[in-house]
Every structure is written in C-alpha cells, then in structure tokens.
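Here is a short briefing to read alongside the structure. It covers aromatic pairs, pockets and one backbone detail.

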Amino acid sequence: MEQYIDGYLLSVPKANIEAYRKLAEQAGSIWLEYGALEFRECVADDIDGEGFGSFSAAASAREGETVVFSWIAFASKAERDRINAKVMADPRLTGMSCEGVFDFKRMCWGGFSTLVSKSARA
C-alpha cells in the first residue's frame with residue numbers, strides 16, 4: 001500500500017520565519033512520535049516561474065510574506081486518521097499558538113493518496 005500524504009500550503013511573513021520554524025519543529029516531533037513517517041516544512045526559494053501557475057497566488061501571499069509548502073507522510077489513510085486524532089488531542093499541540101506567526105485561516109491543506117512514488121533511497 002502506498003503512503004498517504006497530508007499537504008499544506010501557507011504564507012508566512014518573512015519576519016516570522018524563525019518563529020514558524022520553531023513551531024514546526026515542535027509540531028513535527030509530535031507527529032513523528034505518534035507514528036508519522038516523515039514531516040517536511042519547506043520555505044519558498046524558486047517559485048512563480050513565468051508561464052506557470054503561481055505558488056504565491058495559491059498561498060494568498062501578501063507583500064512581505066513567503067510561501068511555505070509542507071507535508072506529512074503516513075503509512076496509510078487509516079494510520080493518518082489514527083495519528084492525527086492523537087496529535088490533535090495532545091496538550092503540547094493544543095497549547096501551541098500560531099497567532100502572530102501566520103494567518104491559520106489562509107492555510108490550505110488536504111489529504112492525498114499516492115499516485116506515483118519513486119525514490120533514490122534504498
């Protein structure tokens with residue numbers, strides 16, 4: 001069975017990237033503790049090529065903001081549901097606040113079934 005992925009796209013004020021990184025490191029540790037296979041947080045470096053759709057537009061990035069693209073990998077959708085229920089009930093996560101770091105309501109997220117998976121890793 002192929003992995004199940006939760007994907008996220010959001011914009012973060014450039015001045016808040018370090019605060020966001022700290023939140024993400026804490027959250028990532030919690031997800032991995034409960035069984036997630038991988039937790040990635042990536043900040044935009046080379047996006048919005050001419051003639052293509054725009055990550056900045058998709059993330060509703062405003063002046064002074066950058067785009068963050070992230071994902072969490074799970075063994076299956078059932079594992080994702082089990083793990084996310086535990087994570088969302090964990091007081092370490094419920095005690096975290098993104099207020100002042102980024103606008104949570106502008107974040108896009110969704111669950112994705114794997115269509116193709118290739119890796120150079122053994």
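How many aromatic pairs does the count come to? The count comes to five aromatic pairs, where rings of Phe, Tyr and Trp (its six-membered ring) pair if their centres lie within 6.5 Å. Please keep in mind that this is a predicted model, in which local features need pLDDT of at least 70 and side-chain atom pairs count only at pLDDT 80 or more, while totals for chains, interfaces and linings use all residues. Residues are numbered from 1 along each chain as its sequence is written, and side-chain values use heavy atoms, with hydrogens and water left out.

**Aromatic pairs**

- A pair of aromatic rings is described by the distance of the centres and the angle of the planes.
- Tyrosine 20 and phenylalanine 102 form an edge-to-face pair, 5.5 Å centre to centre with 80° between the planes (planes under 30 degrees apart count as stacked, over 60 as edge-to-face and the rest as tilted).
- Tyrosine 20 lies in helix H1 and phenylalanine 102 in the loop between H4 and strand S4 (108-113), so the pair ties together parts that are 82 residues apart in sequence. Helices (H or I, at least four residues) and strands (E, at least two) are DSSP runs, numbered from the N terminus.
- Tyrosine 20 is buried at 9% relative accessibility, and phenylalanine 102 is buried with a relative accessible area of 12%. Buried means under 20% relative accessible area, exposed over 50%, and partly exposed in between (1.4 Å probe, protein chains only).
- Tyr20, Phe102 and Phe104 make up one aromatic cluster.

**Largest pocket**

- The largest pocket holds about 570 Å³ of space. A pocket is an open set of points on a 1 Å grid over the protein atoms alone, where a 1.4 Å probe fits, with protein on both sides within 12 Å along at least five of seven lines; lining residues have an atom within 4 Å of a point.
- Among the 23 residues that line the largest pocket, Ala27, Trp31, Leu93, Phe104 and Met107 are the closest to its centre.
- H1 gives the most to this lining, with five residues.
- By class, the lining has 16 nonpolar, four polar and three charged residues.

**Second largest pocket**

- The second largest pocket has a volume of about 280 Å³.
- Its lining has 13 residues, and Gln3, Ile5, Glu38, Ser117 and Lys118 lie nearest its centre.

**Serine 60**

- Serine 60 has a positive phi of about 55° although it is not a glycine.
- Serine 60 sits in the loop between helix H2 (55-58) and strand S3 (65-74), and is partly exposed, with a relative accessible area of 38%.

Terms used:
Grid points are joined across faces, edges and corners, and a volume is the space filled by probe spheres set on the points. Ala, Val, Leu, Ile, Met, Phe, Trp, Tyr, Cys and Pro count as nonpolar, Asp, Glu, Lys and Arg as charged, and the others, Gly among them, as polar.
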